[in-house]
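Dear colleague,

I am handing over the structure we spoke about, and you will find it directly below. My notes on it follow, written for someone who has not looked at it before.

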Amino acid sequence: MSTHDQLTFQNPVTRYESITPPKQHQEEPGLDAELTPTADRGEETYRGTGRLQGRKALITGGDSGIGAAVAIAFAREGADVAIGYLPAEEVDAHRVKELIEAEGRTCVLIPEDLSTKEACERLVAAAVEGLGGLDALVNNAGKQIAIEDFADLSDEQVTQTFDVNIIAMFRTCRAALPHLAPGSTIVNSTSIQAYSPSDHLLDYAATKAAINNFTKGLSQSLAPKGIRVNAVAPGPVWTPLQVSDGQPKDALPEFGKNTPLGRAGQPTEMAPCYVFLTSPESSYVVGETLNANGGQVSP
Ligand code: NAD
Ligand code: MG
């Protein structure tokens, strides 16, 4: 674990050790509380600089991994935060809430399975009510199940992955739109899989390519209204997604070692991308996908 905050001049190769995670399994959706080794979501390492003062943000999948790191960073930057997550993730969600409240910020917890239109609408309504408005949306919830052989990829899995990863994004953005005043932002979590699909993640990778396209398209529609839409494309980041069937078990010890930095990313290393794209300082950045992948070249 790093002892430095993200603003300290440091070598990105050695900022975090190159982890060799033991083979492990958690039932989907997986918990940060049970991840070995633990991941850095910025608890001790993210330093806020006032970039999101007074903002009201909804972060889906904000209980763990990248979403938790974004939630912690947003609170330290001065935002109140609502987080969406699955009912099975209460332990992780409450831990994030404690960290946010320790910053003197509000945290609204909203357990909803985003597989249906009604749930996406309830999520947005609860965030607006709990925060007293909404001016930042981070669509980060995602489902990733690795399948050894394409022939074994069920129709049900393909449908569920599309429902959670991309269709929920359409629904959540649509529900949020009436609440978003000029200056508001939307940031979507996509992936390097959008450009370089792995053969064991075809359904997941296809949703991530769709998210890139949706981000660019929606950005054109909302820019004239003063609402900016962008995306972040992480590479291999150590989160519960990876141990709840997101990767083949044999691949876990090598996870992230093939990047030019030679190590997996930690969730908190993604947070500054979301902060930047949500902050007013990125006012002329629209429809962009910011890659944060340890140096893997993406087109
Ligand atoms: P994570 O497991 O910590 O977060 C994913 C979250 O998605 C879960 O916490 C859960 O709350 C939410 N989710 C899943 N199914 C849901 C459903 N049906 N309804 C509501 N919420 C649901 O893992 P993470 O790696 O931090 O993933 C966050 C995002 O980052 C995902 O979109 C993922 O695709 C993307 N991403 C991750 C990596 C990586 O290497 N970890 C790389 C590229 C992209
Ligand atoms: Mg989780």
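**The chain as a whole**

In the protein chain, 77% of the contacts with a separation of 6 or more are made by residues 24 or more positions apart. Please keep in mind while reading that this is a predicted model.

The secondary structure of the protein chain amounts to seven helices and seven strands, and read from the N terminus these elements follow the order β-α-β-α-β-α-β-α-β-α-β-α-α-β. The radius of gyration of the protein chain is 18 Å, close to the 19 Å that the globule rule gives for 299 residues, so the chain is as compact as a globular protein of that length. Taken along the principal axes, the box filled by the C-alpha atoms of the protein chain is roughly 45 × 45 × 35 Å.

**Ligand 1 and its surroundings**

Which residues are the closest to ligand 1? Ligand 1 is surrounded by 30 residues, and the closest of them are S64, E89, Y204, V237 and T239. By class, this shell has 13 nonpolar, twelve polar and five charged residues.

In the side chain of E89, an N or O atom is 2.5 Å from an oxygen atom of ligand 1, and in the side chain of Q242 an N or O atom is 2.8 Å from an oxygen atom of ligand 1. At N140 it is a backbone N or O atom that lies 2.8 Å from an oxygen atom of the ligand. Taken alone, ligand 1 exposes 800 Å², and the protein buries 97% of that. The elements that give two or more residues to the shell are α1 (65–76), α5 (202–222) and α6 (240–246), and the largest share, three residues, comes from α6.

S64, one of the residues closest to ligand 1, has its place in the loop between β1 (56–60) and α1. With a relative accessible area of 11%, S64 is buried, because anything under 20% counts as such. Leaving aside its neighbours within four places in sequence, S64 is in contact with D32, R41, E89, D92 and P240, and E89 is again among the residues closest to the ligand.

N139 is found in strand β4 (residues 136–139), and at 3% relative accessibility N139 counts as buried. Not counting residues up to four places away in sequence, N139 touches T60, M169, T172, C173, I186, V187, N188 and S189. With one of these, N188, there is also a polar contact of 2.9 Å between the side chains. The C-alpha atoms of N139 and G54, which are 85 residues apart along the chain, are separated by 20 Å.

Apart from residues up to four places away in sequence, T268 touches R15, Y16, D40, R41, G42, T45, Y46 and A69.

With kind regards

Terms used:
Residues are numbered from 1 along each chain as its sequence is written. Chains are lettered from A and ligands numbered from 1 in the order in which they are written. This is a predicted model: local features need pLDDT of at least 70, side-chain atom pairs count only at pLDDT 80 or more; totals for chains, interfaces and linings use all residues. Side-chain values use heavy atoms; hydrogens and water are left out. A residue is near a molecule or strand if one of its heavy atoms lies within 4 Å of it. A polar contact is a pair of N or O atoms within 3.5 Å; within protein, one must be able to donate a hydrogen and the other to accept it, and residues adjacent in sequence count only if both atoms are side-chain atoms. Accessible areas come from the Shrake-Rupley method with a 1.4 Å probe; for residues, only the protein chains shown count as cover. Helices (H or I, at least four residues) and strands (E, at least two) are DSSP runs, numbered from the N terminus. Ala, Val, Leu, Ile, Met, Phe, Trp, Tyr, Cys and Pro count as nonpolar, Asp, Glu, Lys and Arg as charged, and the others, Gly among them, as polar. The radius of gyration is taken over C-alpha atoms; the globule rule is 2.2 Å times the number of residues to the power 0.38. Contact means heavy atoms within 4.5 Å. Buried means under 20% relative accessible area, exposed over 50%, partly exposed in between (1.4 Å probe, protein chains only).
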